[in-house]
Amino acid sequence: MRSSLLMFSLLTAGFAQAADVYPAKAVRMLVPTLPGGGGDATARVIAPKLAELWGQPVFVDNRAGSGGTVGMGVAARLPADGYTLVMGASSYVVVAPAVYPKLAYDTVRDFSPVTQILYAPLLLVSHPSLPATDVRGLIALARAKPDAISYATPGNGSVAHLAMEMFKSLSGTRILHIPYRGAAQALTDVIAGEVSVFMSTIPAALPFQSTGRLKMIATTGLTRSRILPRVPTVSESGLKNYEVTTWYGILVPAGTPETIVNKLQADIARIIRQLDTKERIANEGGDVVASTPAQFGDFIAGELAKWAKVGKASGAKVD
């Protein structure tokens with residue numbers, strides 16, 4: 001009995017000591033997308049600052065495939081020792097489970113939340129030739145001519161896809177879905193007038209609005225964007241409580257010691273609250289969050305429920 005208690009005490013002390021000196025070696029920040037995207041850009045802002053703070057290398061490891069789901073499957077099988085951080089994003093953390101029949105990971109079972117880093121609304125844009133100039137006009141036009149208006153997305157199961165499906169469900173409209181292989185081509189065809197509307201990120205659409213090649217209809221947050229204060233939200237324009245945001249946050253494999261999770265949250269929150277980091281995030285149309293693990297966990301649970309409902313109502317599936 002005494003030997004068992006001694007062994008337990010030694011193990012407990014060992015874990016505590018390991019947490020005290022964490023990190024004692026290089027840390028991987030796994031990004032489940034290709035270099036150059038929003039999650040990758042966010043990781044490359046935070047990683048060097050963590051390395052400077054910790055005195056240990058923090059390297060970005062891109063594991064792209066199937067909209068982020070491949071990398072998430074890889075991350076779910078890695079050791080829960082604090083030496084793998086995962087750059088989570090709305091698309092593969094909460095939207096993918098609503099549209100993929102089978103995934104190699106379970107968001108709640110396989111990961112522990114650390115902190116939400118930022119969120120940003122989408123921007124509903126149209127080709128200038130579309131007669132509608134606001135949400136009410138778009139709804140009226142879509143109701144008068146079902147499936148005559150088309151909307152582009154970066155692909156089936158993307159946040160933009162489900163955002164428009166939610167829009168259609170709440171407004172009682174039929175708008176034709178035209179999926180693309182990426183946001184760039186989708187936006188290009190809206191600019192060319194091949195497709196009517198698109199749920200874009202704000203930075204991607206801004207240059208074309210100033211030249212008159214795109215028309216801004218509404219943003220998708222509950223409050224107006226700081227970058228576009230004159231553009232109304234979908235919610236204030238007729239679809240009350242409509243809210244869609246893209247977001248990023250840090251997850252770790254489930255089972256990571258709580259002491260390490262709490263240290264990660266404190267250190268990352270400290271970094272993203274720094275003025276230069278906030279400014280870089282703001283340039284992408286986003287707002288800093290820096291939530292606690294519990295707050296981020298509650299947020300993820302709410303998002304999973306919301307998108308599961310949208311996925312079921314729309315019938316959207318990704319094979």
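This is a predicted model: local features need pLDDT of at least 70, side-chain atom pairs count only at pLDDT 80 or more; totals for chains, interfaces and linings use all residues.
**Entry 1: the tyrosine pair**

I started with Tyr-22 and Tyr-83, and both are buried (under 20% relative accessible area; exposed is over 50%, partly exposed in between, with a 1.4 Å probe and protein chains only). Residues are numbered from 1 along each chain as its sequence is written, and side-chain values use heavy atoms, with hydrogens and water left out.

Next I looked up aromatic pairs, meaning rings of Phe, Tyr and Trp (its six-membered ring) with centres within 6.5 Å; planes under 30 degrees apart are stacked, over 60 edge-to-face, the rest tilted. I got 6 aromatic pairs. The ring centres of Tyr-22 and Tyr-83 sit 5.3 Å apart with planes at 65°, so I logged the pair as edge-to-face. Tyr-22 is in the loop between helix 1 (2–20) and strand 1 (27–31), and Tyr-83 is in the loop between helix 3 (69–76) and strand 3 (84–89), so this pair ties together parts 61 residues apart in sequence. I took helices (H or I, at least four residues) and strands (E, at least two) as DSSP runs, numbered from the N terminus.

**Entry 2: Trp-247 and Phe-299**

Here the ring centres of Trp-247 and Phe-299 are 5.4 Å apart and the planes are at 75°, so I have another edge-to-face pair. Trp-247 belongs to strand 9 (residues 245–253) and Phe-299 to helix 12, 52 residues apart. Buried or exposed, I wondered about Trp-247? Trp-247 counts as buried because its relative accessibility is 0%. Phe-299, at 27%, counts as partly exposed.

**Entry 3: His-127**

I found His-127 in the loop between strand 4 (111–126) and helix 6 (135–144). His-127 has 19% relative accessibility, so I put it down as buried. Its side chain makes a polar contact with the side chain of Ser-129 at 2.7 Å (N or O atoms within 3.5 Å; within protein, one must be able to donate a hydrogen and the other to accept it, and residues adjacent in sequence count only if both atoms are side-chain atoms).
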